[in-house]
Amino acid sequence: MAAMSTVQKSGVAALECQDLRVTLVGAAGAVDILRGVDLAVQPGEFVSILGPSGSGKTTLLRVLGGLQSIAGGEARCNGTAVSGPPDGVVTVFQDYSNSLLPWRSVRRNVALGIESNCSKQECRERVEAALAMVNLQASADEYPWRLSGGMQQRVQIARALAMRPSVLLMDEPFGALDAMTKASLQDQLQRVQEATGTTVVFVTHDVEEAVYLSDRVVVLAGKPASVGLSLDVDLGRPRDQITTKERPDYLQLRHQVYAALGHEVPR
Amino acid sequence: MTRALLRRVNVLGLLTLLGFFLLWELLVRTGILRFEYLPAPSGVLTAGADLVSSGELPTNLGHTLEATVAGWLLATVVGVLLGTLMALVRPVWVYSMASIDALRSLPIVAFVPVAVLLLGFTTQMEIVVAFYAAVWPVLLNTVAGLRAVHPRLIEVGRVLRVDGVRELWKLRLPAATPYIVTGMRLGLAVSLVLILVAEMVGNPSGVGFALISASQSLQPEVMFAYIVTVSLSGIVLNALLVGLVSIVFRGQMAAAGEK
């Protein structure tokens, strides 16, 4: 009921779950992964989902992306129930090497989602624009597997952006990258989101990353998991890797998130 | 281009081969190796040259290669189509699996007399034999290749709305291409062998028949010349296929580390 009231306050949510239950069948039989998850993501909002590993962050994202069926409750996108990937919602996966088509050049990878329903001219323009947003024009004709991990992940992000999504779902997109690359991609993502106004749901296991990037941090807790903490991050934008992370309110938020993840705070 | 080609030539390997032929020549000439019908390589070379200038060898080789390539191409088309159906349509797989297992475990050579009986001593018979030989590796490799497509790639297709025929054409088949090419290469080698058998058993034309008649008319030089021709044409066919594939499916093969 609490979720209902927030929705009514601010119009139709871009993404919404109510009393969501998800069951995955493993070797040991069916296990409830998520139970009683209530979540509403407003248009243009940047929401990070955190939680201990195995808590069902990725599962929740797959539900929102229409890649995972649900056992109970509701999952809606722009007010309609999710069954299969909803229009305008694109998922970016963590394993970029499996997600890119190794036989296509970077440019043709980026074109994959739009080449069949755009004119040649429009497709070319959208691909160029997407490549420019992630700064990859110079590698456009290279094969993705010849690029570094960070560049490959940028190819995947560009491919999603070329679709002009209203919602971007990102599953630990920077999880496999080194700290330097990660920081630069975080800032690139910030700029892209600012320019496009895309709604982003961002799964990560990195507390600093979540607080730094988000308008709101959601922590999954319990087994089966539900929303343990939903924390607004009022740090203003644009944010900066150095100055934002030195602000007392940033540190305070970071503290709260760590505590919600079950870290003991020494006195 | 030519330099890259030169670098790929295995000079030491070729020298070994040359050394083997020199040794053979030496052993036959000095009489250490004494068989009534073992010719020296030089004799084989002269016989080969005569066969080429008389037009006999080109005609026979042409006949054999035409039948091989025709049957093999047909097998590629049918194998990929059937393999795709079997890999992607569950009922097709369930209904056909037992028959396929039974048919492919039948030694292909055993099929040759059947083909001769049904189709007579014709080129069609040879093409059918080549087809039958090549269709199994193509079919089975297509199935294996399509089954091995990473599930993430299919999810990417769903997310980007690449579905139905486009999913097959843009994701599944390109991902399976290295497997399919392996099947085609195996198929090509097997069809050439089976065509030779068919020509030896029945059809009075082609390299297989020429081999048998050279043997029966006690012309070992001619026989060896044909053997060398066949082995060279096997190498050339395979090289042509590999070269063609690396041009047409450049991305797929490069990604699979074939280049």
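I'll start at the interface. Putting chain B and chain A together buries about 2100 Å² between them, and carbon and sulfur atoms account for 61% of that area. Keep in mind throughout that this is a predicted model.

In residue terms, 20 residues of chain B are in contact with 28 residues of chain A. For polar contacts, the count between the two chains is 10 residue pairs, with both residues at pLDDT 80 or more. Which elements of chain B give two or more residues to the side that touches chain A? They are helix 8, residues 151-159, helix 9, residues 165-201, and helix 12, residues 250-255. Helix 8 of chain B gives the largest share of that side, with 6 residues. Sorted by class, the side of chain B that touches chain A has 10 nonpolar, 7 charged and 3 polar residues.

Now the charged pairs. How many salt bridges does the rule find across the interface of chain B and chain A? It finds 4. One of the salt bridges in the model joins the side chains of B:Arg161 and A:Asp87, with an N to O distance of 3.8 Å. The cut-off for a salt bridge is within 4 Å, so the 3.8 Å of this pair meets the rule. Over all chains, the count by this rule comes to 23 salt bridges.

A salt bridge inside chain A is A:Arg21 with A:Asp32, whose closest N and O atoms are 3.2 Å apart. A:Arg21 sits in strand 1 of chain A, residues 15-26, and A:Asp32 in strand 2, residues 29-41, so this pair ties together parts that are 11 residues apart in sequence.

Next, chain A as a whole. Chain A has 9 helices and 10 strands. Its C-alpha trace spans about 55 × 45 × 40 Å along the principal axes.

A few backbone details in chain A are worth a look on screen. A cis peptide bond joins A:Lys223 and A:Pro224, with omega about -5°. A:Pro224 is in the loop between strand 9, residues 216-221, and strand 10, residues 226-232. Another cis peptide bond joins A:Arg237 and A:Pro238, with omega about 0°. Where is A:Pro238? A:Pro238 is in the loop between strand 10 and helix 9 of chain A, the helix being residues 248-260. Then there is A:Asn135, a residue other than glycine with a positive phi, near 65°. A:Asn135 lies in the loop between helix 5, residues 120-133, and helix 6, residues 149-162.

Last, the annotation of chain B. The unreviewed UniProt entry lists "transmembrane region" for residues 12-32, 69-89, 101-121, 127-149 and 223-249 of chain B. In the model, residues 69-89 of chain B are 95% helix and 0% strand, with the end C-alpha atoms 29 Å apart. Residues 127-149 of chain B are 91% helix and 0% strand, with the end C-alpha atoms 32 Å apart. The unreviewed entry in UniProt also lists "domain: ABC transmembrane type-1" for residues 61-241 of chain B. That span, residues 61-241, is 87% helix and 0% strand, and its end C-alpha atoms lie 18 Å apart.

Notes. Residues are numbered from 1 along each chain as its sequence is written. Chains are lettered from A and ligands numbered from 1 in the order in which they are written. This is a predicted model: local features need pLDDT of at least 70, side-chain atom pairs count only at pLDDT 80 or more; totals for chains, interfaces and linings use all residues. Side-chain values use heavy atoms; hydrogens and water are left out. Contact means heavy atoms within 4.5 Å. Buried area is the accessible area (1.4 Å probe) that two parts lose on being put together, summed over both. A polar contact is a pair of N or O atoms within 3.5 Å; within protein, one must be able to donate a hydrogen and the other to accept it, and residues adjacent in sequence count only if both atoms are side-chain atoms. Helices (H or I, at least four residues) and strands (E, at least two) are DSSP runs, numbered from the N terminus. Ala, Val, Leu, Ile, Met, Phe, Trp, Tyr, Cys and Pro count as nonpolar, Asp, Glu, Lys and Arg as charged, and the others, Gly among them, as polar. UniProt positions are given in the numbering used here, feature names are shortened, and annotations may be inferred rather than shown by experiment.
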